[in-house]
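Please look over the model below before reading on. My notes follow it, point by point.

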Amino acid sequence: MKRNHILKAILQSIRQSLHDYKSAMPLFVLTVCVVCALAGCSSGSNRARTALHNYVPESGYVPDAITAKKIAEAVWLPIYGESIYDKRPFEADLAGGVWIVSGTLPEDSLGGTPYMEIQKSDGRILTVSHSK
């Protein structure tokens, strides 16, 4: 609300100063600076508000191997198709805060398995690949 009043006052000052080009130019530059500053302050407050209402589980968004495997399956399926199910069971190991999820190759089989790395804390997918 305050920002709207400030912008209205600035626009009114510009209108009054347009009759004299020499005095309008410095005012115009000042206006642009103020508007840019207000826009910067607004975006900062939005970030603070978002951080205030963002729940982060103590054990991270991917707390266990079961969750990591489900995420991997959901990502692999549209990429590699139903053939990923031939590479079950999926294995998940935690190393340095990163879940390493991979398929298993059946005995006496040729080919590769799907592979994924998932950040435990925030669920970011770091790597997706398929061995050959």
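The numbered points below go from the basis of the model to its fold, core and surface.

1. Basis. This is a predicted model, in which local features need pLDDT of at least 70 and side-chain atom pairs count only at pLDDT 80 or more, while totals for chains, interfaces and linings use all residues. Residues are numbered from 1 along each chain as its sequence is written, and side-chain values use heavy atoms, with hydrogens and water left out.

2. Overall layout. The chain has 3 helices and 4 strands. Both kinds of element are DSSP runs numbered from the N terminus: helices are H or I of at least four residues, strands are E of at least two. Along the sequence the order is α-α-α-β-β-β-β. Of the 132 residues, 22% count as buried. Here buried means under 20% relative accessible area, exposed means over 50%, and partly exposed lies in between (1.4 Å probe, protein chains only).

3. Strand pairing, β2 with β3. Two strands pair if DSSP finds at least two bridges between them. Strand β2 (residues 98-102) runs antiparallel to strand β3 (residues 114-119), and 5 bridges join them. Trp99 has Ile118 in β3 as its bridge partner.

4. Strand pairing, β3 with β4. Strand β4 (residues 125-130) is also antiparallel to β3, again with 5 bridges. Opposite Glu117 stands Thr127 in β4. Pro114 faces His130 in β4 in the same way, as the residue opposite.

5. The β3-β4 turn. These two strands form a hairpin with 5 residues between them. Check Gly123 in the turn: its phi is positive, at about 80°.

6. Salt bridge. How many salt bridges does a search of the whole structure find? The search gives 1. The criterion is a side-chain nitrogen of Lys or Arg within 4 Å of a carboxyl oxygen of Asp or Glu. Asp122 and Arg124 form the bridge, and their closest N and O atoms are 3.0 Å apart. Asp122 counts as partly exposed because its relative accessibility is 36%. Arg124 is partly exposed too, at 47%.

7. Nonpolar core. A nonpolar core is a set of buried Ala, Val, Leu, Ile, Met, Phe, Trp, Tyr and Cys residues joined through side-chain atoms within 4.5 Å. The largest one has 11 residues, among them Val62, Ile84, Trp99, Val101, Met116 and Ile118. At least two residues of this core come from each of α3, β2 and β3. The largest share, 3 residues, is supplied by α3.

8. Aromatic pair. Rings of Phe, Tyr and Trp (its six-membered ring) pair if their centres lie within 6.5 Å; planes under 30 degrees apart count as stacked, over 60 as edge-to-face and the rest as tilted. By this rule there is 1 aromatic pair. The ring centres of Trp76 and Phe90 lie 5.2 Å apart with planes at 70°, so the pair is edge-to-face. Trp76 sits in helix α3 (residues 65-80) and Phe90 in the loop between α3 and β1 (91-95), so the pair ties together parts 14 residues apart in sequence. Trp76 is buried, at 0% relative accessibility. Phe90 is buried as well, at 8%.

9. Backbone points to inspect. The peptide bond from Arg88 to Pro89 is cis, with omega near 5°. Pro89 is in the loop between α3 and β1. Asp108 has a positive phi, near 60°, and is not a glycine. This residue is in the loop between β2 and β3. Asp108 counts as exposed because its relative accessible area is 84%.

10. Glu58. Where is Glu58 found? It is in the loop between α2 (21-52) and α3. Glu58 is exposed, at 86% relative accessible area.

11. Surface patch. Ile79, Ile125 and Val128 make a nonpolar surface patch of about 230 Å². Patches are made of residues with over 30% relative accessible area and no salt bridge; like charges are joined within 9 Å, and nonpolar side chains (Val, Leu, Ile, Met, Phe, Trp, Tyr) within 5 Å. Accessible areas come from the Shrake-Rupley method with a 1.4 Å probe; for residues, only the protein chains shown count as cover. Ile125 lies in strand β4. Ile125 counts as partly exposed, at 38% relative accessibility.
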